[in-house]
Amino acid sequence: MTQSVQTKSGLSAYREVVAKYPDVSPLVILKADLQRRGVTYSQAAFGHFDPARHLVQARSIFVSVGEKPDETPTMASAGLILRDGTTVISGPRLNTEGLFVVDSIDGKLVITDGDDIIEEVDLWEKPDYVSKTTSSGKPMWQIATPRPQRLDINPYSYCHFWDDGHGCKFCNISWNYHKEHKANNKPIRLDPRDVSETVAEAIRQPGRFTNIMLTGGSIFSGDELFADELDLYIEILQAIGENFSTRRFPSQLISSSFAPHQLARLYEETGVLTYTSDIEVLNEEKFNWICPGKTAKLGYREWKRRLVEAVGIFGRGRVNTGIVGGVETATPHGFASEDDALAATLEEADDLASQGVSTVHCVWGPTPGSVFFKQKVPSLEYYVRLSQGLDQIRRNHGLNVDMDNYRLCGNHPDSDLSRI
Ligand code: SF4
């Protein structure tokens, strides 16, 4: 078992932060720390994993698990669900603080930190559709990746910001695509027919999915910037829409930053309900360094301007942006002080919120295949303050974040706070 990180008071960093922030749910703090420090599983925990009930195979743009049918099942794909019904997506990470270990103690599946038993935890059950195939013979788990209540679809698995090496420095999409294409012949794009059939099968299961999320890499080609990317999303969204009798269906598109006339077309020609375009870093100088491709093609200010324009088309509460929380402290050009990083990020989030755009954060995990692999992430307390700050900004501006809440996404500690 790993040793937990002891602070001066003798408490683990996690216990100390929970004690210091009594107004923040310990489960929200735990989620952030699980994502920050990473998780591994003991052999005993594996006894709780049942391939008939839990997810064995999954394919997404950033990670794939169990691609080969003869591969020994691992628990890596089986997501954790906490007592409050929120989910955790995390895996092993390189860090000096040690990984949390999911273990089996007295017949219960628990999260442990050294000798400290932190929380009982469960594995969520896989949906029925993942064992089916499309009429073209494709396994449906390769077409859509499930979360407990959300269906994730990645129409395009490569990002052209990497063509000249200018992808975002925290992102491993190119590394993952090339690895999976070579090893498992993963296609670069999905066929709309496969997507439509997979969605039809998935939503047939009662009480399971409440939202469909689409995202993928950026495509520059076409008559104007991102034109072919827009056409692909329209084609896929129209195919998904065949399964609904209503004009709009519960959905979120996370895409490149489309121009207002492109967004108007997206809204008119499809049933998509909400729109997200991730600015990743809420500071122009750090954005320029961390996201050089986005800087060269569009620039920070235009990315922001287009988000605000999107509110006029989709409406308040239906447009947001994602940031990779903590990446603004990366070395050597990130903020050296967590206080400065937090102040700069929240100032920009407030500016966006005042114009109707909500900001949600995920927890930066320096992943293999990214430029920032092996970097050190900020403290747990930083994430608690960031989550509180973003949640408070939304409350100050009367902004609802249900489009990205704990049920639909579950990957944002700040939007977990918004349910309370
Ligand atoms: S835009 Fe950046 S974060 Fe998004 S897929 Fe491309 S390189 Fe990765």
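A nonpolar core is a set of buried Ala, Val, Leu, Ile, Met, Phe, Trp, Tyr and Cys residues joined through side-chain atoms within 4.5 Å. Buried means under 20% relative accessible area, exposed over 50%, and partly exposed in between (1.4 Å probe, protein chains only). The model is predicted: local features need pLDDT of at least 70, side-chain atom pairs count only at pLDDT 80 or more, and totals for chains, interfaces and linings use all residues. Residues are numbered from 1 along each chain as its sequence is written, and side-chain values use heavy atoms, with hydrogens and water left out.

**View 1. The largest nonpolar core.** This core has 111 residues. Those with the most contacts inside it are Ile111, Ile153, Phe170, Leu214, Ile240, Leu266 and Trp364. Domain 1 (13-123) and domain 2 (128-417) each supply at least three of the core residues.

**View 2. The two domains.** The protein chain is assigned domain 1 (13-123) and domain 2 (128-417); such bounds come from an automatic or database domain assignment. Where they touch, 30 residues of domain 1 and 41 residues of domain 2 take part (contact means heavy atoms within 4.5 Å). The C-alpha centres of the two domains are 23 Å apart.

**View 3. A three-stranded open sheet.** The strand order is β5-β4-β9, with antiparallel pairing. β5 (87-88) and β9 (122-123) are the edge strands; each has a single partner strand, so one side of each lacks a neighbour in the sheet. Two bridges join β4 (residues 80-81) to β9, and Leu80 has Leu123 of β9 as its bridge partner. Two strands pair if DSSP finds at least two bridges between them. Strands (E, at least two residues) and helices (H or I, at least four) are DSSP runs, numbered from the N terminus.

**View 4. The ligand shell.** Around the ligand lie Cys159, Phe161, Trp162, Gly167, Cys168, Phe170, Cys171, Ile173, Glu280 and Lys294 (a heavy atom within 4 Å). The shell has seven nonpolar, one polar and two charged residues. Ala, Val, Leu, Ile, Met, Phe, Trp, Tyr, Cys and Pro count as nonpolar, Asp, Glu, Lys and Arg as charged, and the others, Gly among them, as polar.

**View 5. Helix α5 under cover.** Eight of the 11 residues of α5 (192-202) are buried. Among them are Val195, Val199 and Ala202, but also Asp194 and Glu201. Their cover includes β11 (150-153), β12 (211-215) and α6 (227-241).

**View 6. Asp50 in its loop.** Asp50 sits between α3 (43-46) and β2 (58-59). Its relative accessibility is 28%, so Asp50 counts as partly exposed.
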